[in-house]
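Colleague: I've got a fold open on my screen and I'd like to learn how to read it. Could you walk me through it, starting from the inside?

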Amino acid sequence: MQRQILTNMKMKTNFKVLLNWYFGLCLLGCILVSLLPWWPSIPAFVILKYILLFAPRWLLFLSLLVLMFSWSYLSKPQKYLLPLLFFISIKYLDFGMHLNLDSHEEQHETVKIITANIGEGGKLKRIKLLLKYDQPDILLLQDANKLPLKKLPNDYTHAECVGELCIVSKYPFERTNNLSRALLGGWGNSAIFYKVFIGNSIINVANVHFQSVHSLLIDIAKRTIDVSDAEHVEDNKNIEAGVLGSWLRSTPNSIIAGDFNMPVEDNIYHEHFSSENNALSDAGLGFNSTIKTYGLSLRIDHILFSKHFGIINAQIIEPLGGDHIPVMATLVVIQ
């Protein structure tokens, strides 16, 4: 009997030791994801950054649930810390609880904008339905190769594609510039810039598709990653974000929308865009993931806007057939 008691005590002690180690790992995970916006830009940390940014984010939340089932074995400090860790994990899942309705809608020009990456299976039929029922003023598309613009509804006669970047608008526009990837040793364009003439207002719009990280993530998964490749991707993203961030801050009535290939926790995003308005960050409700593939669920498509706009609403909407989920926002010109 005494031997059995000692065995049980030893098992209980071992379990607490393992639980403490497990809690420590969960705590470390929460600390690391919380530090992502301020991640050091040095080669040794680049690959870990991408693992944390693009890993299945629900794993952290599920890991914390294990601790809930072991509540009675946690120490008092651990019990106090656990709610904070759950808050961090939910924030990491990009759960929005914003309700920001602007009161200027009837006093000023409004613009409804939708952005969508339609690569990997975007369908013209779904695009037509989106234009019919959601009635955006401006639709920006990425990975839109060979989109038959002549087959779009009559309300959208103003449209063009420059490579894989397309704009469809109810209102006339003028293309003003482009940011070519040739400057970065690539092909195509990172951004196309427009002036859109809506009523009495001129809206400056940039349709963007930043440096892809797809091949980099595949190499990380296969453990064949070359640090120099990761540094090259980082440098390109930094240049693209720097140019667009400066344009947004210096251009009145400006909107940047498209596939950024970076979530808001990315240190590059934080450096160049954290002080700017992000439609889903400011007014999104619920989970706002814009890509769901291979177990990933995160927001890499954004609508950013200058201080000259207020926001009425923002949401993700039904996919157009690709692996990205469109983002829709209604903005109001307030200056």
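Modeller: Happy to. Keep in mind that this is a predicted model. Start with the largest nonpolar core, which has 31 residues. Val33, Leu36, Tyr50, Phe54, Leu64 and Leu67 have the most contacts inside it.

Colleague: Which helices and strands each supply at least two residues of this core?

Modeller: Helices H1 (2-34), H2 (43-54), H3 (58-69), H4 (76-92), H6 (214-222) and H7 (227-250) do, along with strand E13 (296-298). The largest share comes from H2, with 6 residues.

Colleague: Let me zoom in on one of them. Leaving aside neighbours within four places in sequence, what is Tyr50 in contact with?

Modeller: Ala55, Val213, Leu216, Leu217, Ile220, Val233, Glu234 and Lys237. There's also a second, separate core of 28 residues, and Ile167, Ile255, Phe305 and Phe309 are among its members.

Colleague: Now the charged residues. What's the general idea with salt bridges?

Modeller: Side chains of opposite charge can pair when their charged atoms come close. In this model the count comes to 8 salt bridges. Take Glu265 and Arg57, whose side chains meet at 3.1 Å, N to O.

Colleague: Why does that pair tie together parts that are apart in sequence?

Modeller: Because Glu265 sits in the loop between E9 and helix H8 (267-273), whereas Arg57 is in the loop between H2 and H3; the pair therefore links parts 208 residues apart in sequence. As for cover, the cut-off for buried is under 20% relative accessible area. Glu265 comes in at 12%, so it counts as buried, and Arg57 is buried too, at 3%.

Colleague: Where do Asp94 and Arg299 lie?

Modeller: Asp94 is in the loop between H4 and strand E1 (95-97), and Arg299 is in the loop between E13 and E14, so their pairing ties together parts 205 residues apart in sequence. Their side chains meet in a salt bridge at 2.6 Å, N to O. Both Asp94 and Arg299 are buried.

Colleague: What about Arg249 and Glu276: how far apart are the closest N and O atoms?

Modeller: They are 3.2 Å apart in that salt bridge. Arg249 belongs to helix H7 and Glu276 to the loop between H8 and E10, so this pair ties together parts 27 residues apart in sequence. Arg249 is partly exposed, with a relative accessible area of 45%, whereas Glu276 is buried at 14%.

Colleague: Which residues do salt bridges with shared partners join into one network?

Modeller: Lys49, Glu234, Lys237 and Asp266.

Key
Residues numbered from 1 in each chain as written. Predicted model: local features only at pLDDT ≥ 70, side-chain atom pairs only at ≥ 80, totals over all residues. Heavy atoms only, no water. Core = buried A, V, L, I, M, F, W, Y, C linked by side-chain atoms within 4.5 Å. Buried < 20%, exposed > 50% of the residue type's maximum accessible area, 1.4 Å probe, protein only. Helix = DSSP H or I, 4+ residues; strand = E, 2+ residues; numbered from the N terminus. Contact = heavy atoms within 4.5 Å. Salt bridge = Lys/Arg side-chain N within 4 Å of Asp/Glu carboxyl O.
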